[in-house]
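Colleague: I would like to learn how to read aromatic pairs and charged patches in a model. Could we go through an example?

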Amino acid sequence: MSEPRVRRAEIAIEQAHVDTVYTRLAELRAQAEAMRTKGYEIGHGAGREAIFEQASMLFERDMMVYHANQTLQTLDAEYEGLVFGRLDHLDNEHIYVGRLGIRDAEFDNLVTDWRAPAAAAFYQATAEEPMDVVRRRVIRCSGQNVLDVDDDVLIADAVPENMQIVGEGALMAALGRSRGEKMRDIVATIQKEQDEVIRAPWRGVTEITGGPGTGKTAVALHRAAYLLYRHRRQLGGAGVLVIGPSGVFTSYISRVLPSMGETNVELRALGEVLDGLEATRQDPAPLAAIKGSLRMRKILLRALRDTPEEAPEDMKIVYRGEVLRLNARELDKVRRKVHTAGGPPNRSRIRAAELLLDALAAKAEQHAKDDGRQIDKAELITELGERIEFHRFLVVWWPILYPAQILRWLGTEKRLASAAKGLLNRNEISMLAADFADRSRGWTIADVALLDELRVLIGSPPKSRRARQNVEVNPERGGAPTRPEHYDEYSHVVVDESQDLSPMQWRMVGRRGKYASWTVVGDPVQSSWPDPAEAAMARDQAFGLKTTRRRFTLRTNYRNSAEIFDLAAKVVAGHAEADELPRAVRQTGITPEVRPVEASGLEAATQAAVKELMGTVEGTVGVITAMDRVPEVEGWLAELSDERLKVVGSLDSKGLEYDAVVLVEPNDLITESTTGRRVLYVALTRATQQLTVLASNPDWIPAA
């Protein structure tokens with residue numbers, strides 16, 4: 001039988017099994033919908049039941065609806081083919097591997113969940129260690145249709161005569177397919193080195209390092225899905241938090257975990273970690289370096305202890321015909337005493353009241369002593385403490401503070417200079433004060449960590465009624481958890497592009513993971529943070545006392561063609577050791593095109609390059625430029641509007657990939673960042689197939 005006919009026959013065999021799986025899936029879905037309907041019916045018409053019985057029935061209803069909705073969410077998860085693999089073993093048994101575990105009505109296995117131990121051989125078996133697998137087959141589907149199959153033979157002398165072998169490897173085929181707007185999962189093509197990371201123990205800290213295109217992000221997300229599957233009891237209730245560098249990035253990865261049936265995972269960009277705030281704007285690199293430094297914590301602490309702008313400078317109150325007065329110096333002394341106690345200001349008003357009354361009593365005692373009289377101190381404190389004018393003064397003199405208010409105070413250069421004495425130089429103070437004084441464009445991503453630090457330092461305002469602390473479940477929303485504000489009890493935290501987190505951002509993230517295990521993803525060569533030693537110290541503090549540390553390095557670049565990565569490696573060669581760079585395994589024969597252009601002709605050159613690539617590749621085209629030029633370049637391309645076309649700034653391009661990239665003015669990327677060529681290196685490694693660089697200055701390419 002010819003190879004095409006063999007392939008068609010094998011596809012038909014797998015299609016028959018996939019059809020069986022989807023038929024069973026429809027049955028399970030119908031059962032879940034019936035359970036949900038029954039759950040809604042429970043409790044109706046129970047008005048004459050005892051209160052306890054009503055509560056019991058309502059609880060049963062909520063649990064039934066919750067579990068039914070969870071099941072429906074899992075069954076309805078977005079996926080690119082439920083079944084993607086098959087293992088044929090030496091004992092002639094075979095199992096199918098897929099995104100979900102599914103059994104038939106007799107509880108026989110139709111599909112084994114990719115995270116189950118029985119499926120591990122699909123990723124771990126090799127010709128040297130076949131794990132009793134004769135043939136490993138990758139089944140490529142679109143929806144419910146089998147498009148193709150690819151086989152690996154792991155035990156050649158054990159292949160039965162009736163076993164047909166087809167294909168030439170699934171990984172390279174997957175890499176060659178066009179990208180969409182969202183990141184795909186890689187469950188069908190996970191490689192052995194990646195699988196070892198995914199299945200590593202969950203406790204402690206797991207660090208994943210590796211260069212561009214090594215699959216770090218995908219591995220971290222699949223690890224989150226695997227840990228939730230294997231350790232649901234320990235991790236599922238408290239939830240998993242995934243933190244990425246930008247909203248563009250979190251949108252890009254948003255479908256990966258749901259496609260594997262995991263919905264109890266929260267995705268947040270660094271600008272969204274603080275509840276109630278969504279910042280997307282990046283600061284210029286010098287300003288971001290100031291805001292991210294640990295020096296800022298000392299500045300913020302000094303600032304919140306300063307006298308509020310509206311606070312009165314003296315206090316007068318009449319006691320039994322005598323005026324008791326505290327001047328500005330005496331009030332400042334009381335304020336310092338309150339802060340010396342160390343409590344958050346928003347929880348210290350009672351202490352402030354006590355010390356004010358003590359100071360007033362001391363004044364009264366001194367006056368009485370001068371006149372040869374005596375007073376009852378306890379009686380004075382009780383009487384003055386009940387006066388409405390005392391409480392009115394206290395509210396203004398010791399107001400409730402808010403994080404944004406403190407940062408706005410620092411927009412006054414004199415006030416900032418006082419708080420930053422010995423910590424910032426004159427230029428840094430001027431730069432920072434000018435930024436805090438102008439909030440017309442909202443907060444920046446770096447500001448979010450400062451606001452979160454202040455939130456903790458000043459303490460939460462007293463509440464009129466006790467806040468609910470428990471995680472609620474809303475059955476109408478499919479069991480989605482409603483967590484308290486500033487939730488800090490996540491069971492597992494994933495941090496992507498960790499090399500870019502500032503020390504202040506590590507402090508913010510660490511608060512959310514104080515009880516968690518961690519998966520931390522990064523590449524020092526791609527870092528845009530100028531002081532890695534300070535960031536490393538803050539990172540270790542964020543991890544707390546967790547002693548178990550494991551580190552994995554991924555060394556194979558699956559994203560870029562060798563031709564594209566060779567150019568990127570040349571650009572960053574002086575900033576990285578050879579063993580810090582990955583090895584690109586694909587060759588396309590298409591060399592990146594570097595086009596010299598005049599600065600005045602950059603707009604036309606960008607339009608021409610984009611049109612050319614849009615007509616050449618089937619997938620996405622990314623246009624990468626310096627952060628401050630994004631609006632300008634978007635304007636150049638407004639008439640070329642296409643869902644496949646995206647314009648992103650250099651920092652926002654981290655973690656993303658496109659079929660083709662137009663890189664505009666590489667020298668701009670070098671000069672806008674404190675880490676220069678590292679940021680350019682990131683931009684040059686976003687393309688999977690074709691890369692066009694438009695440059696008016698050739699200095700970005702190092703001399704040979």
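Modeller: We will take the ring pairs, then a surface patch, in this predicted model.

Colleague: Are Tyr487 and Tyr490 buried or exposed?

Modeller: Tyr487 has a relative accessible area of 9%, and Tyr490 has 3%. Buried means under 20%, so Tyr487 is buried and Tyr490 is buried.

Colleague: Which parts does the pair of Trp518 and Phe543 tie together?

Modeller: Trp518 belongs to strand 15 (residues 517-522) and Phe543 to helix 20 (residues 532-543), so the pair joins parts 25 residues apart in sequence. The geometry is edge-to-face, at 5.1 Å centre to centre and 65 degrees between the planes. Trp518 is buried, at a relative accessible area of 0%, and Phe543 is buried, also at 0%.

Colleague: Which residues do ring pairs link into a cluster?

Modeller: Phe393, Trp397 and Trp398 are linked in that way.

Colleague: And the charged patch: which residues form the positive one?

Modeller: Arg329, Lys333, Arg336 and Lys337 form a positive surface patch. Take Arg336, which sits in helix 11 (residues 328-340). Its relative accessible area is 53%; exposed means over 50%, so Arg336 is exposed.

Conventions: Residues are numbered from 1 along each chain as its sequence is written. This is a predicted model: local features need pLDDT of at least 70, side-chain atom pairs count only at pLDDT 80 or more; totals for chains, interfaces and linings use all residues. Side-chain values use heavy atoms; hydrogens and water are left out. Patches are made of residues with over 30% relative accessible area and no salt bridge: like charges are joined within 9 Å, nonpolar side chains (Val, Leu, Ile, Met, Phe, Trp, Tyr) within 5 Å. Accessible areas come from the Shrake-Rupley method with a 1.4 Å probe; for residues, only the protein chains shown count as cover. A salt bridge is a side-chain nitrogen of Lys or Arg within 4 Å of a carboxyl oxygen of Asp or Glu. Lys and Arg count as positive and Asp and Glu as negative; His and the chain ends are not counted. The place of a charge is taken as NZ of Lys, CZ of Arg, CG of Asp or CD of Glu. Helices (H or I, at least four residues) and strands (E, at least two) are DSSP runs, numbered from the N terminus. Buried means under 20% relative accessible area, exposed over 50%, partly exposed in between (1.4 Å probe, protein chains only). Rings of Phe, Tyr and Trp (its six-membered ring) pair if their centres lie within 6.5 Å; planes under 30 degrees apart count as stacked, over 60 as edge-to-face and the rest as tilted.
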